[in-house]
Amino acid sequence: MIIYHRRPEMARQLADELLGKHLLSDAPNGLFLAAPRRTGKSNFLQFELKPELEARGCLVVYVDFWSQPDRDPVELLAETLTYEVQKTAGLAKRLAAALSSLKVGTVAVELDLSKLGRPQGHSIAHVLWLLGTAANRKIVVILDEAQHTLTTKAGDAAMFALKSARDQLNTPDGHQLLLVFSGSDRDKLLRLVNSGRAPFYGSTIRHLPELDRGFAIQQAEAMGKVYEWLAPVNVDALFEAFQIVGRRPQFFREVVDAVVKRPATNAAQAQADILHGAREFQRNEARERLQLYLGLHPLEQFVLWRMLEQGASFRPYDADAKDFYGKLLGEEVSTQRVQAAIKSLREREPPIVWKSSRGEYAMDDTQMHGWFKELQASGQWPPGPERELLLARLGRSV
Ligand SMILES: Nc1ncnc2c1ncn2[C@@H]1O[C@H](COP(=O)(O)OP(=O)(O)OP(=O)(O)O)[C@@H](O)[C@H]1O
Ligand SMILES: [Mg+2]
């Protein structure tokens, strides 16, 4: 069991920033939030930030680009907008009226927004403007797992369309369109903001805080009520277990459930068992990563190693990278071979490597970075029987 832990203060603060209540915040130009996988981003955005913004009079459109990763992002965006329009009483009529009075053609009058963002249809900027005008409210578009749009040209185009919509709708007198982007990987989200070619160049990415001690306090209270024999539940121990499982509620629940299902001993034993279960979970996860890594072909391992080491500055085919692979393999490595290795890393199920439509790379499972750092810090990198040999080939000390 776990119960949902709300974070109203965080929702209030983010809404304040977004709506321009903090003079120094850049959030009105686009709010970029990153946090690791399974830490509660989508729930927070959908069930806490969205209602908070709605309570302040905004029309909020939430799109989860991960819900249907194979769909064209523009289509997904259009579909969600259509749904919002239809849901808002009277809006469809007003929108239709606005469209016809503007004589922009009949394509979208029937609210068939399927051509939205297409060359022959209305631009996303136009429809968002109409939507905002017809609803007479600020529009907030929340793009969950926005980095998924970057893997296709169409998605890339959707992001530029949103940027252009933002620039057209936002004047010095006020912001009509506000955008929130979330993703489980800072490196991937960075592609939206970090180069002159990026649609939201200049924005910064911030960390969406993970659930904190408040979560443990609430769970401890709830557990003490439901399982009286556990009371009083030690908050410190529970919070420690939560941290060990990477502050991911789902895995915390698995660990706790396994303990409370066992015949009751006493509170102290249960507490020790929960901590033990959390550590066991952590070890299993590390073991799975290790097996995955050791199961790869040597060149795939070395490409991954390079990626983990270089992070956002990873360039797969530059001279230094090829020198790195070459030294480790003990032979020269061609670009084609590296390409084949990357292809295989991307095509695995689930994929290990992620590539944007502009040819930038990132780890798909961001937690591999933590795993890598830990092994490195404890002198266990690279894993496997050839550690010393490989480090010697790179001229590094063991
Ligand atoms: N505030 C919360 N209190 C308790 N449980 C939560 C909370 N937020 C999320 N969870 C649980 O954690 C799990 C992950 O939540 P959610 O899908 O929101 O995370 P996410 O970061 O968006 O994950 P993903 O990276 O897979 O998109 C779900 O099982 C959800 O029920
Ligand atoms: Mg999510």
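A residue is near a molecule or strand if one of its heavy atoms lies within 4 Å of it.

This is a predicted model in which local features need pLDDT of at least 70 and side-chain atom pairs count only at pLDDT 80 or more, while totals for chains, interfaces and linings use all residues. Residues are numbered from 1 along each chain as its sequence is written, chains are lettered from A and ligands numbered from 1 in the order in which they are written, and side-chain values use heavy atoms, with hydrogens and water left out.

View 1. The protein has 16 helices and 7 strands; helices (H or I, at least four residues) and strands (E, at least two) are DSSP runs, numbered from the N terminus. Its C-alpha trace spans about 75 × 65 × 35 Å along the principal axes. Of the 398 residues, 47% are buried, where buried means under 20% relative accessible area, exposed over 50%, and partly exposed in between (1.4 Å probe, protein chains only). The division is into domain 1 (8-207), domain 2 (213-288) and domain 3 (295-393), with bounds from an automatic or database domain assignment. Between the C-alpha centres of domain 2 and domain 3 the distance is 35 Å.

**View 2. The shell around ligand 1.** Around ligand 1 there are 16 residues, of which Arg37, Arg38, Lys41, Ser42 and Asn43 come nearest. By type, the shell holds 6 nonpolar, 5 polar and 5 charged residues. Here Ala, Val, Leu, Ile, Met, Phe, Trp, Tyr, Cys and Pro count as nonpolar, Asp, Glu, Lys and Arg as charged, and the others, Gly among them, as polar. Domain 1 (8-207) and domain 2 (213-288) each supply at least three residues of the shell. The largest share, 3 residues, comes from H2.

**View 3. Polar contacts of ligand 1.** A polar contact is a pair of N or O atoms within 3.5 Å; within protein, one must be able to donate a hydrogen and the other to accept it, and residues adjacent in sequence count only if both atoms are side-chain atoms. A polar backbone atom of His5 is 2.8 Å from a nitrogen atom of ligand 1. In the side chain of Asn43, an N or O atom is 2.6 Å from an oxygen atom of the ligand. Glu145 places a polar side-chain atom 3.4 Å from an oxygen atom of ligand 1. The ligand taken alone exposes 630 Å², and the protein buries 88% of that; accessible areas come from the Shrake-Rupley method with a 1.4 Å probe, and for residues only the protein chains shown count as cover.

View 4. Ser184 is in the loop between strand S4 (177-183) and helix H7 (186-190). Ser184 counts as buried because its relative accessible area is 7%. The side chains of Ser184 and Glu145 are joined by a polar contact of 3.3 Å. Arg37 lies in the loop between strand S1 (31-34) and H2, and is partly exposed because its relative accessibility is 33%.

View 5. The whole structure contains 17 aromatic pairs. Rings of Phe, Tyr and Trp (its six-membered ring) pair if their centres lie within 6.5 Å; planes under 30 degrees apart count as stacked, over 60 as edge-to-face and the rest as tilted. Tyr293 and Trp381 form a tilted pair, 5.0 Å centre to centre with 55° between the planes. Tyr293 is in helix H11 (residues 267-294) and Trp381 is in the loop between helix H15 (367-377) and helix H16 (387-393), 88 residues apart. Both Tyr293 and Trp381 are buried. Ring pairs link Tyr293, Phe302, Trp305, Phe324, Tyr325, Trp371, Phe372 and Trp381 into a cluster.
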